[in-house]
Number of protein chains: 2
Amino acid sequence: MNTFLEYLNRYIQLTKEEETKVLSVLQQRSYLKGQYIQQEGDIYRYQTYIESGKVRTFYLDDNGNEHIITFGLKHWWVGDIGSFTSQSPAHFNTQCLEKTKVIQISYEDLEKLYNEVPKIERFFRLIIQKAYAKMSKRIVQNYSLPARERYLLFCEEYPEVVQGVPQYMIASYLGITKEFLSHIRSQLSKEG
Amino acid sequence: MNTFLEYLNRYIQLTKEEETKVLSVLQQRSYLKGQYIQQEGDIYRYQTYIESGKVRTFYLDDNGNEHIITFGLKHWWVGDIGSFTSQSPAHFNTQCLEKTKVIQISYEDLEKLYNEVPKIERFFRLIIQKAYAKMSKRIVQNYSLPARERYLLFCEEYPEVVQGVPQYMIASYLGITKEFLSHIRSQLSKEG
DNA sequence: CGAAAATTTGACATGACTCAACTGGAGTGG
DNA sequence: CCACTCCAGTTGAGTCATGTCAAATTTTCG
């Protein structure tokens, strides 16, 4: 929990009193590989922060194909923001890719916290701004680069993911099929 | 300006005093068709709200091709959030597609306002959450649907844009070439 | 009207997908 | 320790979606 406060402190300065209030609403929880933090159709009741581990957020299209929206690593917040904000059923699934420890704040607690500690409002504004900027960048990359380049960029940017998760998931994140990613990789290795 | 306060009121409730503070930092400005609100390389010094008109935010890749990140309509906030937040040079351009009236708040004023009127922090948190959810949805659609379906969805969702802006921009937004969009459209019209 | 910009059209090229067969571990159980 | 299955990854052939290029046509607007 203390590391969580340190993390908060990178964005906002809390008084002791405020820290206590924040701590009082945090819930710690652990998941095993394969377990779901939230599933499609659920209402996302928690904002979820990853203390350790690795998750993916994906969605299933009408043909049953998985599309990975994002991976979640240490220090990231994950979930379906749309569902959480409006407290309506989620379209996305969030699943652990390995043993994962999270910290959660429930919707009700967070609303209360926003009122009692307005700096928390600032904190989440900053976090979402960052996430938004990252997602814009991803859209840009997907539109302006062919699959091969997107894969290379991904390898640079997320080496922990590349070596920690099955390739078909990386393909899904990149928006291509697993077979095509395999072709790309074999071509890359031929080139040395 | 009053319509702006009404708009704010949809998200937060301000006292008269707070309203006055907010009003004191708003700057109104008008642009003609084709003018740039911000350009690549600039530091985005303002959060920009569209009172009326239509804009596009786009970026140029290494080959000089335009990629439209998003269109901006009435009531939208536009710009390069990454640049604004970190006050670093922007990668994106924001250009008016017709006569456009905006309301702007400078970076410095906004920082001050966040402190004086913490509800504004809440307001922007809510706005960005919405924008983030919208962008996630777009990523999902781009990955799971072929160009033709994306175009049909776009027509449903943004009819004002479809009839108000050149087609090559819509193609760019959809991530396809203008020629291919033209093919899609001619095929659609053949089908009735 | 005339010029520039936007759109259409068509031939051809290619990136990416589908499908099916194959390879190669990593269990699991006898 | 082998036989078996299961899952991820590979490979290749054929196909489809989309891109490229160049020319023709239409629209826009001064």
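Predicted model: local features only at pLDDT ≥ 70, side-chain atom pairs only at ≥ 80, totals over all residues.

User: Which residue stands opposite A:V55 in β7(A)?

Analyst: Opposite A:V55 you'll find A:C96. Residues are numbered from 1 along each chain as its sequence is written, and chains are lettered from A and ligands numbered from 1 in the order in which they are written.

User: How do you know that β4 and β7 of chain A pair?

Analyst: Two strands pair if DSSP finds at least two bridges between them. Strand β4 (residues 55–60) of chain A is joined to β7(A) by four bridges, so the pair passes. The two run antiparallel. The names come from DSSP runs numbered from the N terminus: strands (E) need at least two residues, helices (H or I) at least four.

User: What about β2 and β7 of chain A: how many bridges join them?

Analyst: Two bridges link β2 (residues 36–38) to β7 (residues 93–96) in chain A. The rule asks for at least two, so this counts as a pair. Here A:Q38 has A:T94 as its bridge partner.

User: Which strands make up the open sheet of chain A, and in what order?

Analyst: Four strands, ordered β1-β8-β3-β6, with antiparallel pairing. Within chain A, six bridges hold β3 (residues 46–52) and β8 (residues 100–106) together. A:Y49, for instance, has A:I103 as its partner in β8(A).

User: Why are β1 and β6 of chain B said to stand at the edges?

Analyst: Chain B also has an open sheet of four strands in the order β1-β8-β3-β6, paired antiparallel. Its β1 (27–31) and β6 (77–78) each have a single partner strand, so one side of each is left without a neighbour in the sheet. β3 and β8 of chain B pair over six bridges, and B:S52 has B:K101 as its bridge partner.

User: Why is A:H75 called partly exposed?

Analyst: It's a count of other C-beta atoms (placed from the backbone) within 10 Å of the residue's own: 20 or more is buried, 12 or fewer exposed, and in between partly exposed. A:H75 has 13 C-beta neighbours inside 10 Å, so it counts as partly exposed. A:H75 sits in the loop between β5 and β6 of chain A. Its phi is positive, about 75°, although it is not a glycine.

User: And B:Q87: is it buried or exposed?

Analyst: Exposed, because B:Q87 has 11 C-beta neighbours inside 10 Å. B:Q87 lies in the loop between α3 (81–86) and β7 (93–96) of chain B, and its phi is positive too, near 50°.

User: How do you know that the span of α9(B) agrees with its 14 residues?

Analyst: The expected span is 1.5 Å times one less than the number of residues. For the 14 residues of α9(B) that should give 20 Å, and the end C-alpha atoms are 20 Å apart, so the two agree. After α9(B) comes B:G192, whose phi is positive, near 80°.

User: What makes a residue count as near DNA strand C, and which come closest?

Analyst: Its C-beta atom, placed from the backbone, must lie within 6 Å of the strand. 16 residues surround DNA strand C, the closest being A:I176, A:F180, B:Q167, B:S182 and B:S186. α9(B) gives the most, with six residues. For DNA strand D, six residues from α9(A) make the largest share.

User: What classes do the residues near DNA strand C fall into?

Analyst: Six are nonpolar, five polar and five charged. Nonpolar means Ala, Val, Leu, Ile, Met, Phe, Trp, Tyr, Cys and Pro; charged means Asp, Glu, Lys and Arg; the others, Gly among them, are polar.

User: How many residues does each chain bring to the contact between A and B?

Analyst: 26 from chain A and 26 from chain B. On the side of chain A that touches chain B, α5(A) gives the most, 16 residues. Contact means C-beta atoms, placed from the backbone, within 7 Å.

User: Why are the copies said to be related as by a two-fold rotation axis?

Analyst: Copies are superposed by least squares on C-alpha atoms of residues with pLDDT of at least 70 in both. Chain A lands on chain B with an RMSD of 0.0 Å by a turn of 180° and a shift of 0.0 Å along the axis. The two copies are thus related as by a two-fold rotation axis. A:R125 has the C-alpha of chain A nearest the axis, 2.3 Å from it.

How values were computed: Contact = placed C-beta atoms within 7 Å.
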